[in-house]
Amino acid sequence: MYRRGSSAFPLFPHVPPRRRAIRKIAKLAEVDLKRIRIKIVKGTKGTGFKGYTRNRRCIELYEDAFSSAEDLANTLGHERRHVEDLRSAGVDRFMNSLQVIESEQVARIAGEEARQRYIQNCMRGGR
Ligand SMILES: [Zn+2]
């Protein structure tokens, strides 16, 4: 259980690149990762890449995604939105650049919303 102000709860901690830590942040950010494979791509530190939606069932996370918990929440919400868009379209890849641009716009908002939910839920003491 996280508690604000205790040493057990730095608000913006670095996250270990492990599945259990990722699931915990996803839960607090209210990002549903059921039926999605999370692949951690090693050797990518300093590239600035954080996440990539490989297809409807797989999100890749790069090492820079783990610099802080709330940023990881943002990346998870962002990529999860791409998965949703691919699933709605019934495809594994977007068919044209307009779809990419549209999905990117909503994913940006979804990521920011996930980041805010994560912070709010942490401040309420986790769940
Ligand atoms: Zn994107």
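Leaving aside its neighbours within four places in sequence, which residues is N55 in contact with? Keep that question for the fourth stop.

**Before you start**

This is a predicted model: local features need pLDDT of at least 70, side-chain atom pairs count only at pLDDT 80 or more, and totals for chains, interfaces and linings use all residues. Residues are numbered from 1 along each chain as its sequence is written.

**Stop 1: the whole protein**

Show everything as a cartoon. You will find three helices and three strands. Helices (H or I, at least four residues) and strands (E, at least two) are DSSP runs, numbered from the N terminus. Follow the sequence and the pattern reads α-β-β-β-α-α.

The protein has 127 residues, and 31% of them count as buried. A residue is buried if 20 or more other C-beta atoms lie within 10 Å of its own, exposed if 12 or fewer, and partly exposed in between, with C-beta atoms placed from the backbone.

Now think about contacts. Two residues are in contact if their C-beta atoms, placed from the backbone, lie within 7 Å. Take the contacts with a separation of 6 or more: residues 24 or more positions apart account for 60% of them.

**Stop 2**

Select the loop between α1 (19-28) and β1, where E30 is found. Phi of E30 is near 60°, a positive value in a residue other than glycine. Most residues other than glycine have a negative phi. E30 has 15 other C-beta atoms within 10 Å, so it is partly exposed.

Move on to R35, in the loop between α1 and β1. R35 is not a glycine, yet its phi is positive, at about 65°. Is R35 buried or exposed? It counts as exposed, because it has 9 C-beta neighbours inside 10 Å.

**Stop 3: the sheet**

Select the three strands. They form an open sheet in the order β1-β3-β2, with mixed pairing. Two strands pair if DSSP finds at least two bridges between them. β1 (37-41) and β2 stand at the edges with a single partner strand each, so one side of each has no neighbour in the sheet. From one strand to the next, the twist averages 25°. Angles here run from 0 to 180 degrees between N-to-C directions, and axes are lines fitted to C-alpha atoms, for helices over the stretch in contact.

Look at β1 and β3. They run parallel, joined by five bridges. Select V41 and find its bridge partner in β3, Y62. Then select K39, which stands opposite E60 in β3.

Next, look at β2 (residues 51-55) and β3 (residues 58-62). These strands run antiparallel, and four bridges join them. They form a hairpin with two residues between them.

**Stop 4: N55**

Select N55, in strand β2. Its bridge partner in β3 is C58. N55 counts as partly exposed, because it has 14 C-beta neighbours inside 10 Å.

Back to the opening question. Neighbours within four places in sequence aside, N55 is in contact with L86 and D92. N55 and R93 are 38 residues apart in sequence, but their C-alpha atoms are 6.5 Å apart in space.

**Stop 5**

Begin with α2. This helix lies across β2 and β3, running at about 20° to β2.

Now show helix α2 (residues 69-89) with helix α3 (residues 97-123). They pack at an angle of about 140°, and their axes are 7 Å apart. The two helices are therefore oblique to each other. Angles under 35 degrees count as roughly parallel, over 145 as roughly antiparallel, 65 to 115 as roughly perpendicular and the rest as oblique.

Select the residues where they meet. Among them are A73, L76 and R80 in α2, and V106, A110 and Y118 in α3. The residues of this contact divide into nine nonpolar, seven polar and eight charged. Ala, Val, Leu, Ile, Met, Phe, Trp, Tyr, Cys and Pro count as nonpolar, Asp, Glu, Lys and Arg as charged, and the others, Gly among them, as polar.
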